[in-house]
Amino acid sequence: MRRLALPIALLAGAYLDSILFARLNIGGIRPDALLAVIVSAGVLLGSVRGSLLGLGAGLFMDVLFGPCVGLSAIAYLLAGAAGGLFYQKFYADNVIVPAAVAAASALLKEHIMMLAVRLSGGTFSYPELLGAYVLPCMLLSVALTMPVHVLLKRALARQVRTEHRAGRA
């Protein structure tokens, strides 16, 4: 069951993002559950695994639901790598670390999307979009990251402990 925890979390995040939160949102504002899973996995498992999970999950979401293949993959890859910067640090056990990484990653992801819209000829008011959509989505993603990190940490506890001991030896 422990080996299935991460794939189940990734599938649950993809489900929440693509189906549940797509229908249950207020004014288009919704958290990014997949980002929460990837950041938490990066903090718990390291940059390489976090980046690979982010790349794979981002490509999966782009192929199935995205307007352009690769945009979410880049954002999620960077989110996994950013989470991995705190791998095996003494303060990474606190939920504040993954929440802060999720905040920065959500901002980066939305800015990547805004850049893609701008480069494809779209127009929007940056301050209006930032205040009405980007910051509320970021705050919801941060709020979701905290319980996701606690659950993933508990589910991956044995794997993380084994790797931590192997790293010290």
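This is a predicted model: local features need pLDDT of at least 70, side-chain atom pairs count only at pLDDT 80 or more; totals for chains, interfaces and linings use all residues.
## A first stop: Ser141

Which residues does Ser141 touch, not counting residues up to four places away in sequence? Ser141 touches Pro31 and Asp32. Find helix 6, which covers residues 126-155, and you will find Ser141 in it. Ser141 has a relative accessible area of 2%, so it counts as buried, the cut-off being under 20%.

## Along helix 6

As a general point, an α-helix has 3.6 residues a turn, so residues three or four places apart point the same way.

Helix 6 also has a kink of about 30°, which you can look for at Val134. The kink lies shortly before a proline, Pro136.

## The nonpolar core

The largest nonpolar core has 32 residues. Leu6, Leu10, Leu34, Ile38, Leu152 and Leu156 are the ones with the most contacts inside this core. Two or more residues each come from helix 1 (5-23), helix 2 (33-45), helix 3 (47-65), helix 4 (71-84), helix 5 (96-119) and helix 6. Helix 2 gives the largest share, ten residues. In soluble globular proteins, nonpolar side chains tend to be buried together.

## Asp17 and its neighbours

In helix 1, take a look at Asp17. Asp17 is buried, with a relative accessible area of 9%. Leaving aside residues up to four places away in sequence, Asp17 touches Ala22, Arg30, Pro31, Asp32, Ala33, Leu34, Met61 and Tyr76.

Leu34 is 17 residues from Asp17 along the chain, and 6.9 Å separates their C-alpha atoms. Leu34 is also among the residues with the most contacts inside the largest nonpolar core.

## Out on the surface

Val63 belongs to a nonpolar surface patch with Leu55, Leu59, Phe60, Leu64, Phe65 and Val69. Together, the residues of this patch have about 650 Å² of accessible area.

One last stop is Gln88, in the loop between helix 4 and helix 5. Gln88 is not a glycine, yet it has a positive phi of about 60°. Gln88 is partly exposed, with a relative accessible area of 38%.

Methods
Residues are numbered from 1 along each chain as its sequence is written. Side-chain values use heavy atoms; hydrogens and water are left out. Helices (H or I, at least four residues) and strands (E, at least two) are DSSP runs, numbered from the N terminus. Buried means under 20% relative accessible area, exposed over 50%, partly exposed in between (1.4 Å probe, protein chains only). Contact means heavy atoms within 4.5 Å. A nonpolar core is a set of buried Ala, Val, Leu, Ile, Met, Phe, Trp, Tyr and Cys residues joined through side-chain atoms within 4.5 Å. The bend at a residue is the angle between axes fitted to the seven residues ending there and the seven starting there. Patches are made of residues with over 30% relative accessible area and no salt bridge: like charges are joined within 9 Å, nonpolar side chains (Val, Leu, Ile, Met, Phe, Trp, Tyr) within 5 Å. Accessible areas come from the Shrake-Rupley method with a 1.4 Å probe; for residues, only the protein chains shown count as cover. A salt bridge is a side-chain nitrogen of Lys or Arg within 4 Å of a carboxyl oxygen of Asp or Glu.
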